[in-house]
Amino acid sequence: MPSWKSYVSLIILLSAVQYISSSVTHYSIPEEMKEGSVVANLASDLGLDVKTLSKRKMRLDIIANKKYLDVNKETGELYIVEKIDREYICPTKSSASCYLRLEVSLENPVRMFNIELEILDMNDNAPQFRRETIHLDLSEATPVGERFSLSNAVDPDVGSNSVKTYHLSESEHFNIEVQTLRDGTKSADLILKKALDREQQALHHLILTAVDGGTPTRSGTASIIVRVLDTNDNAPNFDKESYQISIMENSPIGSLVVHLNATDLDEGSNANIIYSYSLYTSEKAQETFNLNPSTGELSVKGMLNYEDMKMYGMEVIATDKGATALSGQCKITIAVEDMNDNHPEISIKSFHSPVKESIELDTVIAVISVSDKDSGNNGIVDLHIPKNMPFKLRESSDNYFELVVSEPLDREKVLEYEITFTVTDRGSPSLSDNETMTLELLDVNDNVPQFPRSFYTIRVQENNAPGALLSSVTAFDPDLHENQYLVYFILEREIANTSMSMLFSINPENGNLYALKTFDYEIEKEFLFHIEARDSGVPPLSSNVTIHIIIVDQNDNKPVIVSPWRAHGSVVEEKIPRSTDKGSLIAKVIALDTDSPQNSRISYQFLQVSDATLFSLDQYNGEIRTMRMFSYRDSRHQQMVVVAKDNGEPALSATVTIKLSTIETAVKAYSDMTEVPLEYDIFSDLNLYLLIGLGSVSFLLLITILVTIVLKCQKSSYSKTAPPCRNSVISSERNSTIADSTLVSNDAYWYSMFLAETRKGKLVVRQPVPKGSRYFVSSLPRSTGVTDTSDSAASTLQLLDVNDNVPQFPRSFYTIRVQENNAPGALLSSVTAFDPDLHENQYLVYFILEREIANTSMSMLFSINPENGNLYALKTFDYEIENEFLFHIEARDSGVPPLSSNVTIHIIIVDQNDNKPVIVAPWRAHGSVVEEKIPRSTDKGSLIAKVIALDTDSPQNSRISYQFLQVSDATLFSLDQYNGEIRTMRMFSYRDSRHQQMVVVAKDNGEPALSATVTIKLSTIETAVKAYSDMTEVPLEYDIFSDLNLYLLIGLGSVSFLLLITILVTIVLKCQKSSYSKTAPPCRNSVISSERNSTIADSTLVSNDAYWYSMFLAETRKGKLVVRQPVPKGSRYFVSSLPRSTGVTDTSDSAASTLQLDFFMKTCLVEIRF
């Protein structure tokens, strides 16, 4: 806003006379000046002294108004006290000027001054309409150019700041014209420039704007709403000019045919429509159809009959209620359609039932005819049977169909078929009819007996009672009657001239398997044969199952001490040099146990020892060694009692007493070097041959005696009593009368389920009836058969299920193999059971029966899905820590009360080759280097060292083989790859170095193979002393014909004589004519295996596995490995040697060799010398 000084004009009229007070001073200011603004300096303009204003009491008065201004007595300035609104001071526009009149008075002397202050107008007000909304009602018939006055806008400002013009928003139908009134104000008229049409736009919204002439311009708006009033200028119109309508005959009265709809764009009474028939509509049509004048609904008024009239035509008029009524019309054509009011008919001309399940394909079972009285599509019919049936329909002629077999039938899967023939016409809606026939199937012998498993493993404790029940091996045949009656046989197979029927028998009716003799694990460990199940059909069908009988060992044999050899009694006398070093081998106790490896593990203990500080006994290999050197205080005679105890329950044991005498030696240097040669094998070659002969003849004698006993005990002829009648055992459900009022069943197929007694009028159950089944039983007159004209009375027998079946597992024992280092959460197997009951009685839930092993619950190791029986591992297993688990899984149904059964789960952890061999011999104090000393005069073939390695993996992976990785002289040393023995290939020569070195690698049998190495440094020493060899030569001399040889010869002769007598007696009994049946099965040949006590190989030393002492006898001091019990052909065993100072520990080194038996061992004894 410009400064007020530019607007102030001072007009001072000074009178010639100074004291004339009637003079008027004029000022001009704009309105709305700010408070405190200075208007003028009165003191200067009025010629007053500013310093005297206060003393003279200067005062300013405003006439007839508020005090808008005041005077500053200090400066004499006139200033604004309150904002001045010109429109408030001068509300009328009669004059363009607006003044404030002021009076200024002073005293001493008194003076009066008149001041006029003109208030100049500013554009501070916008135009404003008296009404914000202007409503106009115009008829749509209003002529173009019609004018309508609008209210003016008011602006309090004056002059150019007042309303200057008007503007109208853009409109197709309206514009405005601005006019100036006599008082100078502006007004606007609304002019119609285009005709109105209510049907197109009923309301028009316009904006009228008033604009003033100030700077800046201001404006005000008002809304104009023009409502167009209707006139009856539109006739009613139907949706369509003509209607083609179809209606079914027999439509009920009042049924809606069509809803006519005519629309009128007008409104009010101009849009109200009345419907009526035109004069061109026939009376028949008006009588048949009713037209509602208000709604336009056309409905059925009379009965429609397609045969009377197929087509109706009419014309309907729609008239509005305007002052000058307008109307519209439409044509309606109604076609009456024929109604499908006749059901199709079906007739079974022929039906064959029952039929054999082996019926050929495309055989006609039934002939059916169909018909429909309707015409057109309503009279065309289709015949159907249910899907998923082994039948199909074949049209033979017009409306005749044949039911033929399309797929093979199986009575064991479906006992009977409920065939529903459905005939349907093609009308709309279609009509249908059906008829159900029951097709029964007759059984044929087309199913072989089925065993639950193809292989049975049965464990039998040795020393069992003859006639003991071993197991029940049963099969199932889904056929009926004689086709399902099974007979069980043992398929003959001879083992060592002994028939299986002499060892086992089976009940031909129920498959119970019995033992006919007492088994001895040490003689026979297993049997393998087949059992056949044969039905009674024609021709009979059969299947067989493999039976594996495993004889389980009992600890019924106590250990027998075979080394050291005892000529008389259980006391052994030994002599050793008194200069024997610490750790020297004094003796080795070897005991044999013919029981199984588990029971025959031998452990050795001192039962009594004269000096516990002088001797030590290895509990695993029985080696007795010195714990220190002999001193002068030690007695020359020492005694110790050693007990050998097996691993059975209860444990059995044997003892041996060893009396030890020490002899003085003048030379000690050679003792270490001659330790092996000083040991003398009391069993010479002659002893060996005598023992072999004695054992062979004894074995033959035992076999002959057993054969004689079998022949003697055999029955002379087969039992004359007839075999038990088949089906002698009748289930409790059989032979029970259903109802005494029931007559003969007319269904030959169900004779397999029921027995119909014609003369007694009873129906008797022949076998257990499946739950939930329905059977149709009808009676027929005895004089007639089943014909189309015979009468019968039928009833339905339905059986409801009860929870009377426990869940059944397919097997009673599951063996699951799991690789060690498995992933936690891995699926092991699925163990599921079956419950033949129904509904909730067959819903099964699976549990693991809790069992703790070493304070660990089975549920912490395994989990089972309670719904589907999936078994999972919860942890990673290690074969070396745990190699098997045995627990039970229970399956429980949801019946009331619930029933359950369980199955045994045997988890076997399968080993992986994850442990490398550990060399335990020769012993290494530091690192992997071993130093040995041998005499330079060592003979060819002498044992230099023996490498023994142990592997904690399974026997398959832990088989050790030995090889030279490096050797200083390959012509001087040889290494046995199986037992790890290093021997000289020749004697040392003067050219050979005094120091030899060899590196031996021990490799296991796993995939991939793991290995360990040991370095042996060998030093040769010269021997200048020969006196000790002469001194020890005398004890080595042994009288060939000692007492032992004499006893062996006497024993061999006696046994040979008994053998000869037994053979003669057997021949006499065999040749004698007796009353025995010639068809009797051959007697069982109880041949005792002669594999025991045979030496495996001349190069084999001591076994490193205490467990396998049950299989082999390792004689350390004599260098023998003797078979303790029969060895399976093709088997491999690990044989290794251990240092005499230590047992088998985790940190000791060893070298192992693999012993493979690829032949059937004969009885022989070969001595192995180091």
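User: Which backbone oxygen does the side chain of asparagine 464 reach?
Analyst: The side chain of asparagine 464 reaches the backbone oxygen of lysine 517, at 3.1 Å. A polar contact here is a pair of N or O atoms within 3.5 Å; within protein, one must be able to donate a hydrogen and the other to accept it, and residues adjacent in sequence count only if both atoms are side-chain atoms.

User: What kind of model is this?
Analyst: This is a predicted model, in which local features need pLDDT of at least 70 and side-chain atom pairs count only at pLDDT 80 or more, while totals for chains, interfaces and linings use all residues. Residues are numbered from 1 along each chain as its sequence is written, and side-chain values use heavy atoms, with hydrogens and water left out.

User: Back to asparagine 464: buried or exposed?
Analyst: Asparagine 464 is buried, with a relative accessible area of 10%. Buried means under 20% relative accessible area, exposed over 50%, and partly exposed in between (1.4 Å probe, protein chains only).

User: Where is asparagine 464, and what is it in contact with?
Analyst: Asparagine 464 sits in the loop between strand 34 (455–461) and strand 35 (469–472). Helices (H or I, at least four residues) and strands (E, at least two) are DSSP runs, numbered from the N terminus. Leaving aside neighbours within four places in sequence, asparagine 464 is in contact (heavy atoms within 4.5 Å) with Ala515, Lys517, Thr518 and Phe519.

User: Which residue forms a salt bridge with lysine 517?
Analyst: Glutamate 524 does, with the closest N and O atoms 3.0 Å apart. A salt bridge is a side-chain nitrogen of Lys or Arg within 4 Å of a carboxyl oxygen of Asp or Glu. Lysine 517 counts as buried at 19% relative accessibility, and glutamate 524 is buried at 10%.

User: How many salt bridges are in the whole structure?
Analyst: The search finds 25. One of them joins arginine 198 and aspartate 230 (3.0 Å, N to O). That pair links distant parts of the chain, 32 residues apart: arginine 198 is in the loop between strand 14 (186–192) and strand 15 (203–212), and aspartate 230 is in the loop between strand 16 (219–229) and strand 17 (237–238). Both residues are buried, and a network of salt bridges links Arg198, Glu199, Asp230 and Glu267.

User: Different topic. What does the side chain of glutamate 357 reach?
Analyst: The side chain of glutamate 357 reaches the backbone nitrogen of arginine 411 at 2.7 Å. The backbone nitrogen of valine 444 also lies 2.9 Å from a polar atom of that side chain. Glutamate 357 and arginine 411 are 54 residues apart in sequence, but 5.9 Å apart in space, C-alpha to C-alpha.

User: Is glutamate 357 buried or exposed?
Analyst: Glutamate 357 counts as buried, at 2% relative accessibility. Glutamate 357 lies in the loop between strand 27 (355–356) and strand 28.

User: Which residues have the most contacts inside the largest nonpolar core?
Analyst: They are Leu42, Leu69, Ile84 and Leu100, in a core of 30 residues. A nonpolar core is a set of buried Ala, Val, Leu, Ile, Met, Phe, Trp, Tyr and Cys residues joined through side-chain atoms within 4.5 Å. Elements that each supply at least two residues of this core include strand 1 (24–30), helix 1 (42–46) and strand 7 (111–120).

User: And what are the totals for the chain?
Analyst: The chain has nine helices and 78 strands, and 43% of its 1170 residues are buried.
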